[in-house]
Amino acid sequence: MSQYPVELSGTLINGHKRDFIPTDQVVISGGISAGQHYNLYYDSDVGARRARVADAALGYEAHGYVLDDYVAGETITGFRTGDNTALSGLTPGIQYFLSTAGGITTTEPTASGHLSQIVGMGSDTGTLLFQPGLRVYL
């Protein structure tokens, strides 16, 4: 059994029914904003799986993204694949890497101790097709 179980369910995103999008229903340890990417981890203090903001500088890989804002302690609905439509200023056809604070960048991280992870490709100026790639710890 996976350490990070995934719920496969029909999910309504921006008014459109999408079947079988893997989602996470998990408590977030800090605030997260729509469009940011999250990382799943096991919190031994509470004995449960939690989410936190993904961050290349901290080595927290992106497991998914959120389409709404959440405060610490709330249960997020996170998406493991598909269109992250809560972004702006993207270039269609360009691949994006995880950056800091759940964000994305077109520049691959190169600093020692950071994480390099492709998170997807811009499909239009406001949508990232989230398809996380292999991650490399630098």
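Q: Are Arg 80 and Asp 24 buried or exposed?
A: Arg 80 and Asp 24 are both buried. The model is predicted, so local features need pLDDT of at least 70 and side-chain atom pairs count only at pLDDT 80 or more, whereas totals for chains, interfaces and linings use all residues. Residues are numbered from 1 along each chain as its sequence is written, and side-chain values use heavy atoms, with hydrogens and water left out.

Q: Why is Asp 24 called buried?
A: Buried means under 20% relative accessible area, exposed over 50%, and partly exposed in between (1.4 Å probe, protein chains only). Asp 24 has a relative accessible area of 0%, and is therefore buried.

Q: Which residues are linked with Asp 24 in a network of salt bridges?
A: Arg 49 and Arg 80 are linked with Asp 24 in this network. The side chains of Asp 24 and Arg 49 meet at 3.1 Å, N to O. Arg 49 lies in strand β4 (residues 48-53), 25 residues from Asp 24 in strand β2.

Q: How many salt bridges does a search of the whole structure find?
A: The search finds 3. One of them joins Glu 61 and Arg 135, with the closest N and O atoms 2.8 Å apart. Glu 61 is in the loop between β4 and β5 (64-66) and Arg 135 in strand β12 (residues 135-137), so the pair ties together parts that are 74 residues apart in sequence.

Q: Why is Glu 61 called buried, and why is Arg 135 called partly exposed?
A: Glu 61 has a relative accessible area of 14%, and so it is buried. Arg 135 has 39% relative accessibility, and therefore counts as partly exposed.

Q: Why does Gln 36 count as buried?
A: Gln 36 counts as buried because its relative accessibility is 18%. Gln 36 lies in the loop between β2 (16-27) and β3 (37-43).

Notes:
Helix = DSSP H or I, 4+ residues; strand = E, 2+ residues; numbered from the N terminus. Salt bridge = Lys/Arg side-chain N within 4 Å of Asp/Glu carboxyl O.
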